[in-house]
Amino acid sequence: MASPYLTSLFSAAALPAGGAGPGARILSALASVRVCPHQQRRRMVAASVKRRYKGTARKEAALSELIERKVAEATEACAGEEAWEDGCRVAWDEVEEVSKAKADLRRRIAEGADDPLEPFCSDNPLADDCAVVYDDL
Amino acid sequence: MAISSLHATTSLHSPCTTNTSFRQNQVILFTTRSSRRGSTRHGGGGARTCFQVSCSADKPVVIGLAADSGCGKSTFMRRLTSVFGGAAEPPKGGNPDSNTLISDTTTVICLDDYHSLDRTGRKEKGVTALDPRANDFDLMYEQVKAIKEGKAIEKPIYNHVTGLLDPPELIQPPKIFVIEGLHPMFDERVRDLLDFSIYLDISDEVKFAWKIQRDMAERGHSLESIKASIEARKPDFDAFIDPQKQYADAVIEVLPTQLIPDDNEGKVLRVKLIMKEGVKNFNPVYLFDEGSSITWVPCGRKLTCSYPGIKFAYGPDSYFGNEVSVLEMDGQFDRLDELIYVESHLSNLSTKFYGEVTQQMLKHADFPGSNNGTGLFQTIVGLKIRDLYEQIIAERAGAPAEAAKV
């Protein structure tokens, strides 16, 4: 969530650098202002916004929807059966597979400095999946 | 003549393929026909009198890891690659859904890539991914054998998002090749290729607690669905996956704690490191006196621990008919000094300097299990693998010099 303070920071820095004059003056003026530590940290985070690629967002959504669907299918496949029949077991195994894939994707997004698609997109910037989608911070 | 350049080489008996991308000191005294690079269907097939000589770095040490937590992404793999240095990343520029991880020294592949049936195929046949009928063990054996001989392979990719088998990716032989998945020790031929094997044995209660933590936030999942998923997979798991633990050189068994009565949150864990005796290049870790039985509570006058404390046990045992040594830790670390205190009392850790285990644990303090036996034993096994690797490389370097003497 961008605070008004941060947006004004960006719009100020984005002023035409007709000569480094006005931009530099504003930045140096800002630098001389004492900001609270937590605000300072927020500024650092905003300045290095994490890139999110369309492919990752799409995968996340696809997996979430797949989990819901597979759980419903499995519950139905096993309804009214005593022992674990083939169809029932396979259905729950699919649930486990997609849950695992989703959990791994979540972990890669949360832990990595870059988007999981970064290695692919740095080589193929024009791929559809490599369109950049910013998250609101 | 060329004998002097044989110092960093492997055995002279196996045919080695030439590959322009390898760093090689090639001295060809007597060549045979060379096999096609990257061929997967035809194995080595060269004459035994080949004297082609190439760098020993081309012949990897192969490690097998049996785990049910998704390939190449488990905490264990990350700790292992960290011990060797460097971060493991997916191959650059290839299929973004590849399961493979590559670092400077290590390549980790996911055995799910050897599925013979994709998701639809398994549904039609009525087999789970745990079932051997869903996996191509012939291909697995051929490719692991090829890598072990220093050849590159075109390995298929199983895409977990789409559930399909994607076009193959090229894998070059690294220094250390890890195969991770559900069936690394299932096929006897593959088992014989492994220089070291590990099995991660998670008890049912802990598995349940972990899966709840993992999946509860997902729409569509509930306590019942998570429980049903574990129970439905259990018959196949017990029939096909569990029996592999008798073949493992090291088993990490994770159980609920005994320090807190009726604890079912799975937060405090009792972890056992079961190490097979008599394994080449592997000396089990011990506490105080090798071969005796010890129970040790480090918390006392010298060390203050917070609740529930730490308890260690060590002793010889028998595991599926094999002689083993078992090191067990129950409880968790709360502070750095607890960790270093424990490390200073363990022996045969294969560390290169005092405090290396602690340093590795701290380096990844954010990984799950960093405050209990799972992190500790995974780190120790990582160091043991490094030691094993160095011993094997030293052996290989020593062998040609002896052959030359003969």
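## Chain A at a glance

Chain A contains six helices and zero strands, where helices (H or I, at least four residues) and strands (E, at least two) are DSSP runs numbered from the N terminus. Along the sequence, the pattern reads α-α-α-α-α-α.

This is a predicted model, in which local features need pLDDT of at least 70, side-chain atom pairs count only at pLDDT 80 or more, and totals for chains, interfaces and linings use all residues. Residues are numbered from 1 along each chain as its sequence is written, chains are lettered from A and ligands numbered from 1 in the order in which they are written, and side-chain values use heavy atoms, with hydrogens and water left out.

Of the 137 residues in chain A, 34% are buried; buried means under 20% relative accessible area, exposed over 50%, and partly exposed in between (1.4 Å probe, protein chains only). Take contacts (heavy atoms within 4.5 Å) between residues at least 6 apart in the sequence of chain A: 69% of them join residues at least 24 apart.

## A look at Tyr134(A)

Tyr134(A) sits in the segment after α6 (118-123) of chain A. Its relative accessible area is 56%, so Tyr134(A) is exposed.

## Over to chain B

Asp317(B) belongs to strand β12 (residues 310-319) of chain B. Asp317(B) counts as partly exposed because its relative accessibility is 45%.
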